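Reader: I should like to go through this model with you, one question at a time. Please begin with the terms that are required.

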Amino acid sequence: MKLVVMIGAALAIAPRVASACDVCNLANDVQGGAYLHEELTLLTHVEDTPGGARTIDQLGLAGFRLHGFAGFGATIGYHLGLDLAAGATIGRHGGFAYDVGFLPLGIGVRLGASSFLTLGTGIVASGATGAIDDAVALPFDVDLELDASRVRLIGWARAAWVAGSPQRHDGAPSVPFADELEAMVGVRIGHHYTDYGFPTGNGAYIGVAYKELTGTKFVGLTFGYSMDMATEQRHARSRRNNSEAGL
């Protein structure tokens, strides 16, 4: 009788154990990474195009960019991003300025232990009190981060198509297919290490920023601090497991 009870208990517990193992294996199969940029960007106008409607001379924005990607493939995953910045403008109509972006649609391509390329789109809302009409735009965002020990290249670019606000249409002369354009390229000097198998890095960075808005070209500097983390790559995990097993 006891034997029957033990066998019955084992049969009842087995599916739960198997299910828990499946969840663990599934979690181990997930590949991806995330990065956070906390930054301050200061821009000043350098050129007005013929017919441009410049209403500001300088623009300062402070905020963050939080992006991540995940998938079951070793290289490509689903990308999600959130950008939030606020600041002020200086010029004939100085005042409060903001730029908020939500990018729920995209892909991330892993290029190494902690290097990656992401492509995303979604919705962006931006404007400046008394200077730039509030508007919603459809963005196409590209982020590239390449790691080389203590030095990390950080770059991103965004082209956007504005809905409404005629003042902001065709405001990027360098790219006639879009209404607005912005980009940043910087270099981070910091630390790169591995904690519990997760490639991780952090440090301060400085970059050159560029923006085209309402027919005006702006150039400036970005000062920031970034952190990044990624899952352990499968081949690295296999080597570590073999090493721990003494193989």
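Author: Rings of Phe, Tyr and Trp (its six-membered ring) pair if their centres lie within 6.5 Å; planes under 30 degrees apart count as stacked, over 60 as edge-to-face and the rest as tilted. Residues are numbered from 1 along each chain as its sequence is written, and side-chain values use heavy atoms, with hydrogens and water left out. The model is predicted: local features need pLDDT of at least 70, side-chain atom pairs count only at pLDDT 80 or more, and totals for chains, interfaces and linings use all residues.

Reader: Which residues do ring pairs link into a cluster?

Author: By the rule for rings, the count comes to four aromatic pairs. One of them joins Tyr 35 and Phe 116, stacked at 5.0 Å centre to centre with 25° between the planes. The cluster linked by ring pairs consists of Tyr 35, Phe 69 and Phe 116.

Reader: How many residues apart are Tyr 35 and Phe 116?

Author: Helices (H or I, at least four residues) and strands (E, at least two) are DSSP runs, numbered from the N terminus. Tyr 35 belongs to strand 1 (residues 31-48) and Phe 116 to strand 5 (residues 116-128), so the pair links distant parts of the chain. Their separation is 81 residues.

Reader: Is Tyr 35 buried or exposed?

Author: Buried means under 20% relative accessible area, exposed over 50%, and partly exposed in between (1.4 Å probe, protein chains only). Phe 116 has 2% relative accessibility and therefore counts as buried. Because its relative accessibility is also 2%, Tyr 35 counts as buried.

Reader: Which element has the lowest mean pLDDT?

Author: The predictor's confidence in each residue is given as pLDDT, from 0 to 100. The chain has a mean of 83, and 81% of its residues reach 70 or more. Where pLDDT is low, the predicted coordinates should not be read in detail. Strand 5 has the highest mean (96), while the lowest (44) belongs to helix 1.

Reader: How far apart in space are Leu 103 and His 67?

Author: Leu 103 is found in strand 4 (residues 95-110) and counts as buried because its relative accessibility is 0%. Beyond its neighbours within four places in sequence, Leu 103 has contacts that include His 67, Thr 121 and Arg 158. Leu 103 and His 67 are 36 residues apart in sequence, and their C-alpha to C-alpha distance is 8.8 Å.

Note on methods. Contact means heavy atoms within 4.5 Å.
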